Amino acid sequence: MPRFTDLTFTDAKNRFQRGLVYLFAILASVGIAPFVVIRYLNGQVLNAAIDLAIVSIALGSASYTYWRGRATQLVSNVTAALYSAGAVAVAHLNEPIFVFWLFPALLANFFLLKPNIALLANVLAILAIVPIAARLESTTHMFAMISSLLICGSMAYSFALLTTRQQEILQSVAIQDALTQLGNRRAMNEEMRLSIHDHARNQIPATLILLDLDFFKMVNDKFGHSVGDGVLIQLAGLLSRRVRKTDRVFRFGGEEFVVLARNTNLEDAVVIAEQLRAQIELELRDPEGALTASFGLAQLATDEKLEDWFNRADKAIYQAKQLGRNCVVVADTQRDS
């Protein structure tokens with residue numbers, strides 16, 4: 001029985017974002033909260049109020065994120081705006097040395113926002129500091145302050161871009177089959193979940209088309225795995241060319257492939273499968289001649305779980321094998337209990 005995982009990149013990314021919101025709330029409580037008391041006791045009421053606002057919103061954002069169970073972009077935007085504005089305000093209300101509060105804000109923006117948006121936010125924050133730099137005793141000091149902020153922001157921006165690109169590459173690798181460049185099992189699970197969600201909300205039909213090459217083990221045994229891999233690559237290309245733009249193609253494993261026919265009922269999916277079956281028999285070859293494939297189809301049923309949906313189509317393939325292969329079998333509409 002195939003195994004499925006509930007872990008998706010969306011889940012992992014959101015957990016990371018939640019962790020950042022919680023981390024900043026802790027840092028604000030530990031690093032800024034004491035200044036609320038110190039400034040208030042020193043008579044710096046406005047400064048104390050700004051620090052209190054930063055801590056309160058940081059804790060509020062963390063509490064809201066915990067209540068929702070996920071980090072929202074709105075929370076990230078509010079948190080970034082708060083830290084940037086608060087750092088600028090503290091710098092203007094105190095001695096120029098307090099500009100150092102802007103450095104952690106510049107870095108935090110790249111964790112909370114997309115790189116280009118964070119870059120814009122940092123440029124605006126640095127521009128807001130220019131009047132403070134202009135009041136310094138020498139031009140050298142002024143340029144030193146602005147330059148240090150720009151260097152810090154530029155290095156953080158470069159790191160954020162590199163991290164974003166590496167993350168995109170890793171995500172692509174993790175959801176892509178290395179041999180055929182099709183989506184892999186993880187990508188298939190995610191697309192199936194989306195189809196289940198669409199069906200539950202709007203009754204949009206979806207049908208799984210599973211296909212398994214007939215006697216593929218003999219290809220590997222007779223001609224070697226390099227020839228077998230070439231056959232799989234050819235099949236992947238054939239499927240990608242022949243399916244509709246709205247459909248999704250995946251390599252489930254070995255010689256088994258999956259076509260997710262979205263917004264498609266069972267009758268229409270049978271037509272698609274028959275066309276693919278005929279095309280495979282016509283185009284796909286090994287050194288000894290034509291190859292064929294067996295097909296199993298299952299339309300998503302109401303309230304059906306992902307595993308049950310897949311297993312019905314998978315069992316239909318076994319029936320196709322028992323019926324002599326190179327045919328299309330539709331799964332029983334009754335789900336397994």
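Mentor: Start with one residue, and keep in mind that this is a predicted model. Leucine 297 has a relative accessibility of 0%, so it counts as buried, the cut-off being under 20%.

Trainee: In which strand is leucine 297 placed?

Mentor: Leucine 297 belongs to strand E6, residues 293-299.

Trainee: Which residues does leucine 297 touch, leaving aside those up to four places away in sequence?

Mentor: Among them are Leu208, Ile209, Leu266, Ala269, Val270, Ala313, Ala316 and Val329. Isoleucine 317 is 20 residues from leucine 297 along the chain, and their C-alpha atoms are separated by 7.9 Å.

Trainee: Is threonine 333 buried or exposed?

Mentor: Threonine 333 has a relative accessible area of 58%, so it is exposed, the cut-off being over 50%. Threonine 333 is in the segment that comes after strand E7 (328-330).

Trainee: How should I read the nonpolar residues as a group?

Mentor: The general idea is that in soluble globular proteins nonpolar side chains tend to be buried together. In this model the largest nonpolar core has 36 residues, and those touching the most other members are Tyr83, Val99, Leu102, Ile129 and Leu149.

Trainee: Which helices each supply at least two residues of this core?

Mentor: They are H1 (9-31), H3 (45-68), H4 (73-93), H5 (102-112), H6 (115-134) and H7 (139-174). Take leucine 102 as a case: setting aside residues up to four places away in sequence, it touches Ser84, Ala87, Val88, Ala125, Ile129 and Leu149. There is also a second, separate core of 29 residues, and Leu211, Leu232, Val243 and Val249 are included in it.

Trainee: What about salt bridges: how many does the structure hold?

Mentor: The structure holds 15. In one of them, lysine 321 pairs with aspartate 212, with the closest N and O atoms 3.0 Å apart. Lysine 321 is in helix H12 (residues 306-322) and aspartate 212 is in strand E1 (residues 206-213), so the pair ties together parts 109 residues apart in sequence. Both lysine 321 and aspartate 212 are buried.

Trainee: How do I read a salt bridge inside one helix?

Mentor: An α-helix has 3.6 residues a turn, so residues three or four places apart point the same way. Arginine 277 forms a salt bridge with glutamate 274, and their closest N and O atoms are 3.0 Å apart. The two are 3 residues apart in helix H11 (residues 266-283), about one helical turn. Arginine 277 also forms a salt bridge with glutamate 281, where the closest N and O atoms are 3.5 Å apart. That pair is 4 residues apart in H11, again about one helical turn.

Trainee: Are arginine 277 and glutamate 281 buried or partly exposed?

Mentor: Arginine 277 is buried, at a relative accessible area of 16%. Glutamate 281 is partly exposed at 33%. Elsewhere, salt bridges with shared partners join Glu191, Arg248 and Arg262 into one network.

Trainee: And how do I describe aromatic rings?

Mentor: A pair of rings is described by the distance of the centres and the angle of the planes. The structure holds 7 aromatic pairs. Phenylalanine 98 and phenylalanine 100 are stacked, at 5.8 Å centre to centre and 25° between the planes. Phenylalanine 100 and tryptophan 101 have centres 5.4 Å apart and planes at 35°, so that pair is tilted. Ring pairs link Phe35, Phe98, Phe100 and Trp101 into a cluster.

Trainee: Which ring does the charged end of arginine 185 sit over?

Mentor: The ring of phenylalanine 252, at 4.1 Å from its centre. Likewise, arginine 325 lies over the face of phenylalanine 215, 4.3 Å from the ring centre.

Note on methods:
Residues numbered from 1 in each chain as written. Predicted model: local features only at pLDDT ≥ 70, side-chain atom pairs only at ≥ 80, totals over all residues. Heavy atoms only, no water. Buried < 20%, exposed > 50% of the residue type's maximum accessible area, 1.4 Å probe, protein only. Salt bridge = Lys/Arg side-chain N within 4 Å of Asp/Glu carboxyl O. Core = buried A, V, L, I, M, F, W, Y, C linked by side-chain atoms within 4.5 Å. Contact = heavy atoms within 4.5 Å. Phe/Tyr/Trp six-rings, centres within 6.5 Å; stacked < 30°, edge-to-face > 60°. Lys NZ or Arg CZ within 6 Å of the ring centre and 35° of its normal.
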